[in-house]
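Reader: I would like a close look at one part of this model. Please keep it brisk.
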Amino acid sequence: MYDIGKLKLFFLENQILFVVLAFMLVVIFAYILLYLFRPKYKKIHSLNLYGVVWEWSWFEGKPVGIEAYCEDCGSKILFDDQYANMGSDLNGGMTFLVCKNCNNQEKGHVKGGDRKYVLKLVTRQIMIMKNELK
Ligand SMILES: [Zn+2]
């Protein structure tokens with residue numbers, strides 16, 4: 001039933017295939033190791049702040065692609081910062097965090113600036129969390 005000669009031929013004929021398979025295994029193993037021993041902070045991807053959930057990815061140790069989501073329905077939060085630059089003093093402005101899916105309900109607000117300002121505050125908070133994990 002079992003022909004050693006044929007088996008040898010099979011291996012010889014498929015050498016490239018085995019080399020490729022071995023290479024793929026090494027790459028997969030390396031990825032698993034990198035994943036298991038990744039820095040602690042990389043495990044954090046979300047934060048509850050200002051009444052909404054913030055999510056992001058890590059790139060070169062910094063949070064990127066920061067987005068806000070509704071705590072109740074999970075929809076993306078809209079930034080209403082048309083009043084951000086109003087007010088008599090510098091701290092008078094306000095950015096509202098609104099969920100369209102929840103009847104345009106205000107989920108939270110941040111005093112003192114516009115969308116960019118809010119993202120700056122959130123980024124700062126994320127970096128504080130990161131540094132606490134070290
Ligand atoms: Zn919602």
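How many Å separate the centres of domain 1 and domain 2, taken over C-alpha atoms? Then take me through the sheet of S4, S5 and S6.

Author: The model is predicted: local features need pLDDT of at least 70, side-chain atom pairs count only at pLDDT 80 or more, and totals for chains, interfaces and linings use all residues. Residues are numbered from 1 along each chain as its sequence is written.

The two domain centres lie 47 Å apart, taken over C-alpha atoms. Domain 1 covers 4-36 and domain 2 covers 41-133; these bounds come from an automatic or database assignment.

Now the sheet. It is open, has three strands in the order S4-S5-S6, and pairs antiparallel. Strands are DSSP runs of E, at least two residues, and helices are runs of H or I, at least four, numbered from the N terminus. Two strands pair if DSSP finds at least two bridges between them. S4 (77-80) and S6 (105-111) are the edge strands; each has a single partner, so one side of each lacks a neighbour in the sheet. Neighbouring strands are turned by 25° against each other on average, direction ignored; the axes are lines fitted to C-alpha atoms, with angles from 0 to 180 degrees between N-to-C directions.

Look next at S5 and S6. Six bridges join S5 (residues 94-99) to S6, and the two run antiparallel. Thr95 stands opposite Val110 in S6. Five residues lie between the strands of this hairpin, where Asn103 takes a positive phi near 55°. Strands of a sheet pair through backbone hydrogen bonds.
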